[in-house]
Amino acid sequence: MTSRPVALVVGGREEVYDDGWGSVGAVIRLDGEQFGEEALYGLAEFSHLEVLYHFDRVPADKIETGARHPRGNTDWPLVGIFAQRGKNRPNRLGVSRCELVRVDGLDLHVTGLDAVAGTPVLDIKPYLAEFGPRGEVRQPQWSAELMRGYYELGD
């Protein structure tokens with residue numbers, strides 16, 4: 001399988017760290033060699049995006065294929081890589097939902113995208129409520145604790 005990035009993250013956060021993403025503004029800049037502005041026609045009508053990107057800063061020797069304590073916190077259970085959303089995933093793929101602030105030419109201005117500057121973007125989709133979970137969502141308590149400050153600093 002081969003994929004070519006459709007865009008790059010520009011601006012926003014330069015350093016990789018886990019929390020406080022909610023107020024981070026960034027630009028997803030479409031690759032002008034592959035796409036024209038018409039590829040974004042109608043996107044401004046949506047409030048949120050789903051963005052698929054590559055964790056390009058994770059070295060191959062740091063990829064996890066088994067179980068670990070999320071964020072190395074031994075107060076949380078040992079769980080498999082597919083039971084958490086860590087960046088050290090086998091294919092190093094990230095999925096984020098962020099707010100679309102505006103479309104400007106080939107630039108998508110967003111907030112809450114949890115990807116750092118220079119991150120290759122593999123796909124962009126409008127978020128549709130109908131693709132959200134159907135029925136009650138359940139998750140373990142440790143995951144709610146982990147996410148407490150993910151989008152906002154503090155508690």
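Predicted model: local features only at pLDDT ≥ 70, side-chain atom pairs only at ≥ 80, totals over all residues.
Hi everyone, thanks for coming. Let's start with the core. The largest nonpolar core has 21 residues, and the members that touch the most others are Ile28, Leu49, Leu108, Val110 and Ile124. Which strands supply at least two residues each to this core? They are β1 (7–10), β2 (25–30), β3 (48–54), β6 (93–104), β7 (107–111) and β8 (120–126). As background, nonpolar side chains in soluble globular proteins tend to be buried together.

Let's take Ile28 as our example. Setting aside residues up to four places away in sequence, Ile28 touches Ala7, Leu8, Val51, Leu106, Asp107, Leu108, Val110, Leu113, Val121 and Ile124.

Now to Ser96, which sits in strand β6. Is Ser96 buried or exposed? Ser96 counts as buried because its relative accessibility is 1%, below the 20% cut-off. Its side chain makes a polar contact of 2.6 Å with the side chain of Asp114. Beyond the neighbours within four places in sequence, Ser96 is in contact with Leu49, Glu50, Val51, Tyr53, Gly112, Leu113 and Asp114.

My last stop is Arg89, in the loop between β5 (79–80) and β6. Arg89 is buried, yet it has no salt bridge.

Thanks, everyone!

Technical notes: Residues numbered from 1 in each chain as written. Heavy atoms only, no water. Core = buried A, V, L, I, M, F, W, Y, C linked by side-chain atoms within 4.5 Å. Buried < 20%, exposed > 50% of the residue type's maximum accessible area, 1.4 Å probe, protein only. Helix = DSSP H or I, 4+ residues; strand = E, 2+ residues; numbered from the N terminus. Contact = heavy atoms within 4.5 Å. Polar contact = N/O pair within 3.5 Å; in protein donor to acceptor, adjacent residues only side chain to side chain. Lys, Arg positive; Asp, Glu negative; His and termini not counted. Salt bridge = Lys/Arg side-chain N within 4 Å of Asp/Glu carboxyl O.
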